[in-house]
Amino acid sequence: MNSPIILFAYARLDHLKKTIEALLQNAECISSDLIIYSDAARTHEMMPKVASVREYLKEIKGFKSVRIILREENYGLSRSIINGVSNTLGEYESVIVLEDDIVTSPYFLKYMNEALLQYRKDESVASIHGYVYPVNEVLPDAFFLRGSDCWGWATWRRGWEVFNPNARALLDGLKAGNLIESFDFNGAYGYSRMLESQIRGLNDSWAVRWYASTFLANKLTLYPGRSLVHNIGNDSSGTHCYTNKDYDAIMSPNPIDLSKVRVEESKLAKAAFENFFRKKKPYLASIFANRINAISSRINKWIQ
């Protein structure tokens, strides 16, 4: 039995159409339930775009079933995902999670469902991920890393139980365990700074808290050695995105072989991720700067 798919949508109709069209290329769609959470408009200006998305949602076919949850108020991405995943896992044992800017390979659902079945009883594994960075190194067909990720992923009810929304508690736990350096890929990516920003109200990332929760619990996530996901949202169209092509990955034209995966963190993949992050530091710095500048601008308007 295939796991249900949750899709979170807001106001980007063109992105959403591409996400659905790609998903329908997966043979497993016809036997998969699709649950769509449609967030309400945050501002009056966004209402027509949200309305267009909701009209399109009524037309979606090709799945075992389509259930649409229309938010009556604006939840925002973080609250919507946390609430939607939690509610769905109250009904199902496992779930596959997508946002409206995630284009998938025709082998995405095959990989997700096979992995969810293969590791369903392995308590050391918290989640499955469909995207992998375009690193220079040749990676195994599939591998594990400590923690979790957010671009096309899946988990079980038992995996989601470790999620802690309290960024302060997570950061304190990482510091107490002397885990900050490893958590930040030896300083190559400022995940701990993202947690600090979360505490100060400068971001509302659910993903960094998901990563920190699983990392602190010493859980593993399965990654494909070749990406089964392409994020088309890094074009400034999203609330939390900026234009960038450095993370564009060529999707694998072949399925992922899960027959020879060792359930332990891959040192090779960890080093490859670290190398990739170090090369992208200028871009990461610009993200933090843009976010802080945007918030400062809002504060100045309030003061005036």
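## A briefing on the fold and its packing

Phe185 sits in the loop that runs between helix 7 and helix 8 (191-199), and that makes a handy starting point for a tour of this predicted model. The protein has 304 residues, of which 53% count as buried, and its secondary structure comes to 11 helices and 10 strands. Among contacts between residues at least 6 apart in sequence, 82% join residues at least 24 apart.

- Most residues other than glycine have a negative phi, which makes the next two worth a look.
- Phe185 is not a glycine, yet its phi is positive, at about 50°.
- Is Phe185 buried or exposed? With a relative accessible area of 6%, Phe185 is buried.

- How many of the five residues of strand 7 (residues 142-146) are buried? Five of the five are, so the rest of the structure largely encloses this strand.
- In a regular strand, side chains alternate between the two faces of the sheet.
- Both faces of strand 7 are covered, with Ala142, Phe144 and Arg146 buried on one side and Phe143 and Leu145 buried on the other.
- Strand 7 pairs with strand 9 (residues 220-224) in the antiparallel sense, over five bridges.
- Within this pairing, Arg146 stands opposite Leu220 of strand 9.

**Aromatic pairs and a charge over a ring**

- The whole structure holds 32 aromatic pairs.
- One of them is a stacked pair of Phe143 and Tyr223, with 5.5 Å from centre to centre and 5° between the planes.
- This pair links distant parts of the chain, as Phe143 belongs to strand 7 and Tyr223 to strand 9, 80 residues apart.
- Both partners count as buried: Phe143 is at 2% relative accessibility, and Tyr223 is at 4%.
- Tyr191 and Phe277 form an edge-to-face pair, because their ring planes stand at 80° with the centres 6.3 Å apart.
- Here too distant parts of the chain are linked, with Tyr191 in helix 8 and Phe277 in helix 10 (residues 267-279), 86 residues apart.
- Tyr191 is buried, with a relative accessible area of 11%, and Phe277 is buried at 0%.
- Elsewhere, Arg158 lies over the face of Trp156, 4.3 Å from the ring centre.

**The largest nonpolar core**

- In soluble globular proteins, nonpolar side chains tend to be buried together.
- Which residues touch the most other members of the largest nonpolar core? They are Ile128, Tyr191, Leu222 and Phe273, out of 87 residues in that core.
- Helix 9 (residues 206-216) gives this core its largest share, seven residues.
- Leaving aside residues up to four places away in sequence, Ile128 touches Tyr111, Met112, Ala115, Leu116, Gly152, Trp153, Ala154, Trp156, Thr221 and Leu222.

**Phe183 in helix 7**

- Phe183 lies in helix 7 and counts as buried, at 0% relative accessibility.
- Beyond residues up to four places away in sequence, Phe183 touches Leu174, Tyr191, Ser192, Leu195, Val208, Tyr211, Ala212 and Phe215.
- Phe183 and Ala212 are 29 residues apart in sequence, while their C-alpha atoms are 7.8 Å apart in space.

**Helix 3**

- Helix 3 (residues 76-89) has 14 residues and reaches 20 Å from its first C-alpha to its last, close to the 20 Å expected at 1.5 Å a residue.
- Which residues of helix 3 are buried? They are Ser78, Ser80, Ile81, Ile82, Gly84, Val85, Thr88 and Leu89.
- An α-helix has 3.6 residues a turn, so residues three or four places apart point the same way.

Methods
Residues numbered from 1 in each chain as written. Predicted model: local features only at pLDDT ≥ 70, side-chain atom pairs only at ≥ 80, totals over all residues. Heavy atoms only, no water. Buried < 20%, exposed > 50% of the residue type's maximum accessible area, 1.4 Å probe, protein only. Helix = DSSP H or I, 4+ residues; strand = E, 2+ residues; numbered from the N terminus. Pairing = 2+ DSSP bridges. Core = buried A, V, L, I, M, F, W, Y, C linked by side-chain atoms within 4.5 Å. Contact = heavy atoms within 4.5 Å. Phe/Tyr/Trp six-rings, centres within 6.5 Å; stacked < 30°, edge-to-face > 60°. Lys NZ or Arg CZ within 6 Å of the ring centre and 35° of its normal. Expected span 1.5 Å × (residues − 1).
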